[in-house]
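Please examine the sequence and the model before reading each solution.

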Amino acid sequence: MIELAGIHRTFEVGGQPVRALRDVNLRIAAGEYLSIMGASGSGKSTLLNLLGCLDRPSAGSYRFGGQETAAMSELELSNLRRHRIGFVFQFFHLVPRLTAAGNVELPMVFAGVPPAERRERAAQALARVGLTPRAEHRPSQLSGGEQQRVAIARAVVMRPSLLLADEPTGNLDSASGREIVDLIEGMNAEGLTLVVVTHDPLLGARARRQVRLADGVVVADEAAGVRGAASGVARGRA
Amino acid sequence: MRFADLFRFAAGGLRGHRLRTSLSVLGVGIGVASVILLTGLGEGAREYVTGEFASLGSNLLIVIPGKTETRGLAPLISVAPHDLTLRDVDALRERVPGISRIAPVAFGTATVKVGERGRQVLVVGTTREMLEIRHLKMATGRFLPRDVRDAPLCVIGARVQRELFPGVNPLGQIVRVGEWRFRVIGVIAPRGVSVGMDLDEVVEIPVETALRLFNRSSLFRVLIEVRSHGALPEVERAVIDVLRERHAGQEDVTVLTQDAVLSTFNQILGVLTAALAGIAAISLGVAGLGIMNVMLVSVSERTHEIGLLRAVGATARQVVGVFLVEAVLLSTLGGCVGVLTGLGAGQVLERIYPDFPVHAPVWAILAAIVVSGSVGLLFGMLPARQAARLDPVQALVGRRT
Ligand SMILES: Nc1ncnc2c1ncn2[C@@H]1O[C@H](COP(=O)(O)OP(=O)(O)O)[C@@H](O)[C@H]1O
Ligand SMILES: [Mg+2]
């Protein structure tokens, strides 16, 4: 589903180039569960943002579903994010003035889904994350774990094929974090491709495939429990 | 995206910041209210003047002795005019068929006394036809009798009556003007100011008596009522011809038509209204800057939200839409508040000064709302584009508020 080949991402900071990603090659098949680990500043978020088409690579090729994203217009990329990709962030990013249901409806509002269908699908998504009784609460009335569950409902309400989570438990206590992990792993089990960025080794170890970054370079890409091997997992240049 | 949803989302954004929203609504409101009020004042002034002239009747010619030379280089070389006399008036009545009524006027100020009570008033010498030409109404008694030009009789204005005869029936009483004595035969119904002359403060006496009283040989002016509006130009020409013939071939009178005077006033007051509207428009511009500022603050406060919208698939254009609709909503709301405030203030002014109608024209009200909406569109453009240009990643991780 995803093919990264020779990806570089370089930022200019005060005239100096900061090379956040260097020659990243990665193939992710539909339905995979992948964790991206590495020290702070190693380029994890940059990679995830590229995968989510929120950012464009400085060099290299990124093909999503067989299509080269570099050739896509802003509009096509927005469309891709809208229909194919769901995001979950460390800081939830709920709109404070909207209710839980309102936040879940948001992607559908901008996609032009009619109100009646929107309400129904939002209710389903909230039921899926176990928040039906909280549908009319505002984010400030919800616990951190509940807020993240609303964010997950929002991320999957458009039925994307790829769910990207950047430190989804980084701001939660361990019990709530646990619930979140169970939730997104359950969705992965139903076929959703899942990429989780984390620097929590316990969380990272749960993924069937683990990618390790250091200074913007992929230093390891291995199936769970099999160090240094690439058994059963596509690896390298597309 | 459906427009109703865009609208609802933008309105929600405004509801999130009630104080800020109401302040900028107030800013636009003040601008719009001043547009409404000031154009209302200008327009009211125009209506007032028009109405005053209309009360004269629309078929009026005014003859004034002396020729104001509006063309040519030397207005100083004006011919010494012949007197405009009562015999001229009689000749006009006889020889110009289009004239239905003609009233000679002579006036001056004088002190009018009743016993020890005295008062400076305008003394107008005229004939009965004045009553009909100016559509005067009598409170009590009657006006000067028909065909009487010289008699010790007078008709007094309502305020003169109140001040000189408090609590006394003035009919049959004597007033003194200088050495002269006049018997009061009527009181004019109160009417207020009419074309620069306060009819409540006059004393009207027969015209020949007035000429002798003021020791004048020439009338001040002659009011002519023409049979039909269409006959005005023809009668105007005939009047000038007759008077030239009687004044040794010199054209030494000025004839004003009410239309000419009115259109001059209309022009002047139209310019005034436009100037007032211009001043008010400046305050709208200032309100627009206020909106821009508010929207810029809003954009910088909501970078996370903007980043999130982009992440869930909102296009840059949709983000522009959200913030533009917010700005337009803000300013249009202000426009409506302003229109209501302006109209309300107009009502209050009208209650205080009933003679002076404040009529905001409908075009000004519609324009104010449309303009305020456009102000929002114009000044919302920059913040909205700024919001859309934000890099989604930067917006998401940017400084938390
Ligand atoms: N927009 C940016 N401008 C400049 N430097 C950036 C930007 N985004 C990331 N970086 C730099 O790129 C590197 C990788 O950042 P990031 O992907 O956020 O790391 P991680 O998520 O692994 O902590 C860091 O050195 C960071 O400072
Ligand atoms: Mg990060």
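Domain bounds, as used here, come from an automatic or database domain assignment. This is a predicted model, in which local features need pLDDT of at least 70, side-chain atom pairs count only at pLDDT 80 or more, and totals for chains, interfaces and linings use all residues. Residues are numbered from 1 along each chain as its sequence is written, chains are lettered from A and ligands numbered from 1 in the order in which they are written, and side-chain values use heavy atoms, with hydrogens and water left out.

**Exercise 1.** Determine the domains of chain B and the separation of their centres.

Step 1. Chain B is assigned domain 1 (3–52 + 270–396) and domain 2 (81–251).
Step 2. Taken over C-alpha atoms, the centres of these two domains of chain B are 55 Å apart.

**Exercise 2.** Explain why the site of ligand 1 is shared between chains.

Step 1. A residue is near a molecule if one of its heavy atoms lies within 4 Å of it.
Step 2. The residues around ligand 1 include A:Phe11, A:Lys44 and B:Gln394.
Step 3. The site is shared because residues from chains A and B surround ligand 1.

**Exercise 3.** Identify side chains of chain A with an N or O atom close to an oxygen atom of ligand 1, within the polar-contact limit (a pair of N or O atoms within 3.5 Å).

Step 1. For the side chain of A:Ser45, the distance is 2.7 Å.
Step 2. For the side chain of A:Thr46, the distance is 2.5 Å.

Note on methods. Polar contact = N/O pair within 3.5 Å; in protein donor to acceptor, adjacent residues only side chain to side chain.
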